[in-house]
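Here's a walk through one structure, helix by helix and residue by residue. Have the viewer open as you read.

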Amino acid sequence: MAESEIQYTDVSKEENASFLAAVEKSHKIESEILVNPKKYRVLTGDRPTGRLHIGHYFGSLQNRVRLQNLGVPTMILIADYQVLTDHDAFDKIAENTRELVIDYLSAGIEPSDDVFIFPHSYVPEANQLMLPFLTLVTNSELSRNPTVKDEIQKSELAVVNAGMYTYPVHQACDILFCKGNVVPVGKDQLPHLEITANIARRFNKKFCKDKEPIFPIPAALLSKTPMIQGLDGSKKMSKSLGNTVPLSATEDETAKLIKKAKTDGERRITYEPERRPEVANLLRLISLCTGEEENVIAERIGEGGAGKLKSELTDALNETLRPLRTRRATLEKDHEYIRSVLKNGAEKARNIATQTLDEVRTAMNMKI
């Protein structure tokens, strides 16, 4: 028993040290981006499982727009193949892909030579990296990946297909084909990124011994936004849990959803995250909209209770999302433009992937 506890403690220390190192690296990257944004190439994206919600907006979309506006080359991936691993919604992949693009553009993403959106099923050259990459990881590494375990548990699949285990390797293909060296992630995604970094290191060591390394070692750009809880106040905001406010919701729909948000029985509003997590969550959402401190908002609402709290959140969200929703209404009518964004993005991604695959074949002595 004592030996197990010591091992657990040692592992925890290692994980904590790894996380602190990732935080330090992330801070350094943030500083360097301001000076030399072209030094970096960001790879980020989402799976097309439905329309995006305010958790995505505050957690990732705003940051993508910020990086784009700073001049950082940004590739936004729509991970359509990965939907097949744990969802039966393949009949809606095309529709969900279009909705993702509309959400991206509405939030402020502007396609250009340095910023483009593409589905990875349309970049076969990138997917060809899967086989050599699989030879650089072990079954045990994939099986013990905590993010994979979490995804398997959440999927509630009766039978777990091999795609669930190889998901981190496919993600490595997505990041490395474009030689992405920065990936915006939360703490929970660090194990995935570490597998990508290991694959890059191992490929370079094995196939590029006396030559210039092909792949950069990608680093995490850690999110500064705390994990956004759903309107139930107890779990992460998620489409599958039905505790979200979709970006496509109308102002009236937003008001109805927030009215159902969970609070507690105390009338006076205070910001006490540990004791009153549901109330704290709604205050945090207002803060993300207005930039005010949560305790300042709570003090202002005071004895107004849950009704006043929800009213303020409704007004703050609707005000914040109004420009996005206006753009969205226009984009929803322009199917051809959405299609062109995807086609142009896929073409640019393929050009990059073709060059990378050529370098990989050369390094592995497979070029004919």
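## Starting from N63

Let's begin with N63, which sits in helix α2. This is a predicted model, so everything below is computed from its atoms. N63 comes out as partly exposed because its relative accessibility is 22%, and the cut-off for buried is under 20%. Setting aside residues up to four places away in sequence, N63 is in contact with P184 and L221.

Is H56 buried or exposed? It is buried, since its relative accessible area is 18% and anything under 20% counts as buried. With neighbours within four places left out, H56 is in contact with D46, L61 and K239.

## How α2 packs on α14

Now for some helix geometry. A packed pair of helices is described by the angle between the axes and the distance between them. For α2 and α14, the axes come within 12 Å and cross at roughly 75°.

Which residues of α2 and α14 meet? On the α2 side they are I54, Y57 and F58, and on the α14 side L317, T320, L321 and L324. Sorted by class, this contact has six nonpolar residues, one polar and no charged ones.

## The largest core, and a second one

I54 turns up again in the largest nonpolar core, which has 44 residues; I54, Y104 and I117 touch the most other members. Several elements give two or more residues to this core, including α2 (54-70), β2 (74-78), β3 (115-119), α12 (277-290) and α13 (294-301). Helices α4, α14 (305-331) and α15 are also on that list. The biggest giver is α14, with seven residues.

Zooming in on I54, and again not counting residues up to four places away, its contacts are I228, M237, V245, L247, L285, L317 and L321. There's also a second, separate core of 43 residues; among its members are F118, L129, C178 and A346.

Helix α4 (residues 93-107) and helix α15 (residues 335-363) give another crossing to look at: their axes come within 10 Å and cross at roughly 90°. That makes α4 roughly perpendicular to α15. The contact uses T97, R98, V101, I102 and L105 from α4, along with Y337, I338, V341 and L342 from α15. By class, it has seven nonpolar residues, one polar and one charged.

## E359 and its partners

Further along, E359 lies in helix α15. Its relative accessible area is 25%, so E359 is partly exposed. Leaving aside neighbours within four places in sequence, E359 is in contact with K179 and I214. By contrast, E359 and N318 are 41 residues apart along the chain, and their C-alpha atoms are separated by 49 Å.

## Two positive phi values

Most residues other than glycine have a negative phi, and that makes a couple of spots worth a look. K179, the contact partner of E359, has a phi near 55°, a positive value in a residue that isn't glycine. K179 is in the loop between α9 (162-176) and β4 (182-185), and it is partly exposed at a relative accessible area of 27%.

The other spot is N365, with a positive phi of about 60° although it isn't a glycine either. N365 lies in the segment after α15. How does N365 score on accessibility, and what does it count as? The relative accessibility is 69%, so N365 counts as exposed.

## N127 and its polar contacts

Last stop is N127, in helix α5 (residues 124-127). At 18% relative accessibility, N127 counts as buried. What does the side chain of N127 make a polar contact with? The partner is the side chain of H170, at 2.7 Å. A polar atom of the N127 side chain also lies 3.0 Å from the backbone oxygen of H120.

Leaving out residues up to four places away in sequence, N127 touches Y81, H120, S121 and H170.

Conventions: Residues are numbered from 1 along each chain as its sequence is written. This is a predicted model: local features need pLDDT of at least 70, side-chain atom pairs count only at pLDDT 80 or more; totals for chains, interfaces and linings use all residues. Side-chain values use heavy atoms; hydrogens and water are left out. Axes are lines fitted to C-alpha atoms, for helices over the stretch in contact, and angles run from 0 to 180 degrees between N-to-C directions. Helices (H or I, at least four residues) and strands (E, at least two) are DSSP runs, numbered from the N terminus. Angles under 35 degrees count as roughly parallel, over 145 as roughly antiparallel, 65 to 115 as roughly perpendicular and the rest as oblique. Contact means heavy atoms within 4.5 Å. Ala, Val, Leu, Ile, Met, Phe, Trp, Tyr, Cys and Pro count as nonpolar, Asp, Glu, Lys and Arg as charged, and the others, Gly among them, as polar. Buried means under 20% relative accessible area, exposed over 50%, partly exposed in between (1.4 Å probe, protein chains only). A nonpolar core is a set of buried Ala, Val, Leu, Ile, Met, Phe, Trp, Tyr and Cys residues joined through side-chain atoms within 4.5 Å. A polar contact is a pair of N or O atoms within 3.5 Å; within protein, one must be able to donate a hydrogen and the other to accept it, and residues adjacent in sequence count only if both atoms are side-chain atoms.
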